[in-house]
Amino acid sequence: MNFDIVVVGASASGISAALTASECGAKVALLEKGDKFGGAGMFGAQGLFAVESRAQKEAGVKYSLKDAYEEIINYTHHSSNALMVKAILEESAATIDWMAESGLETELVTNTQEVHQEHPRTYHQFIDEFNGFKRVMNNFFRKRRSPYDRNFSRKNCSRTG
């Protein structure tokens with residue numbers, strides 16, 4: 001079989017990459033070595049960082065893209081890729097919305113790590129990740145392209161996060 005894109009690992013990131021590519025018209029293979037999908041999103045991290053999300057705005061969280069950017073750049077002593085940090089932060093809120101539309105909803109929570117207790121709320125915890133990841137995978141399977149449909153277009157199909 002031929003594929004436009006092969007995604008290795010059916011974690012939250014891998015599933016998102018595969019689904020996005022499928023939505024953009026690519027013929028995608030999603031590979032997972034284990035018998036479960038979701039990666040750390042199912043059992044470990046269980047959420048996503050985002051800035052200026054709808055939930056944050058509704059909760060009155062005052063933490064801007066500029067605040068997040070400066071914090072990350074300073075925390076990494078200016079050794080991180082500034083353009084990549086900016087791109088990820090700028091798409092983070094839209095990514096939360098897109099995940100919900102794809103079947104995996106989140107709720108804004110306080111990070112449980114002690115060092116982050118006084119930090120503005122940026123952590124979007126998955127709600128019912130077991131069924132949510134199943135819904136996202138079902139969306140991926142539904143949107144996968146036929147091996148005979150080769151009209152893959154990258155136009156208007158970029159997503160980071």
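Predicted model: local features only at pLDDT ≥ 70, side-chain atom pairs only at ≥ 80, totals over all residues.
A residue is called buried here when its relative accessible area is under 20%, exposed when that value is over 50%, and partly exposed in between.

The chain exposes about 10,000 Å², of which carbon and sulfur atoms supply 51%. Its secondary structure comprises 6 helices and 5 strands. Read from the N terminus, these elements follow the order β-α-β-α-β-α-α-α-β-β-α. Among contacts with a separation of 6 or more, 63% join residues 24 or more positions apart.

Because 9 of its 12 residues are buried, α1 is largely enclosed by the rest of the structure. The buried residues are Ala 12, Gly 14, Ile 15, Ser 16, Ala 18, Leu 19, Thr 20, Ala 21 and Ser 22. Their cover includes the strands β1 (5-8), β2 and β5, together with the helices α5 and α6. Just after α1, Gly 25 adopts a positive phi of about 100°.

The interior can be considered next. In soluble globular proteins, nonpolar side chains tend to be buried together. The largest nonpolar core in this model has 19 residues, and those touching the most other members are Ile 15, Ala 18, Val 28, Leu 30, Leu 104, Phe 133 and Phe 140. At least two residues of this core come from each of α1 (12-23), β2 (28-31), α5 (82-102) and α6 (129-143). The largest share, 5 residues, is supplied by α1. Apart from this core lies another, of 8 residues, which includes Val 61, Ala 68, Ile 73 and Val 85.

Leu 30 illustrates how parts of the chain meet. When its neighbours within four places in sequence are set aside, Leu 30 is in contact with Val 7, Gly 9, Ala 10, Gly 14, Ile 15, Ala 18, Met 137 and Phe 140. Of these partners, Ile 15, Ala 18 and Phe 140 are listed with Leu 30 among the core residues that touch the most other members.

The strands also form an open sheet, in which 3 strands are arranged in the order β3-β5-β4 with antiparallel pairing. Its edge strands are β3 (47-49) and β4 (106-109), each of which pairs on one side only. From one strand to the next, the twist averages 30°. The pairing of β3 with β5 is antiparallel and extends over 3 bridges; within it, Leu 48 stands opposite His 124 in β5.

Lys 86 is 16 residues away from Glu 70 along the chain, and the C-alpha atoms of the two residues are separated by 9.8 Å.

Terms used
Residues numbered from 1 in each chain as written. Heavy atoms only, no water. Pairing = 2+ DSSP bridges. Helix = DSSP H or I, 4+ residues; strand = E, 2+ residues; numbered from the N terminus. Axes fitted to C-alpha atoms, helices over the stretch in contact; angles between N-to-C directions. Contact = heavy atoms within 4.5 Å. Areas by Shrake-Rupley, 256 points an atom, 1.4 Å probe, with all protein chains shown as cover. Core = buried A, V, L, I, M, F, W, Y, C linked by side-chain atoms within 4.5 Å. Buried < 20%, exposed > 50% of the residue type's maximum accessible area, 1.4 Å probe, protein only.
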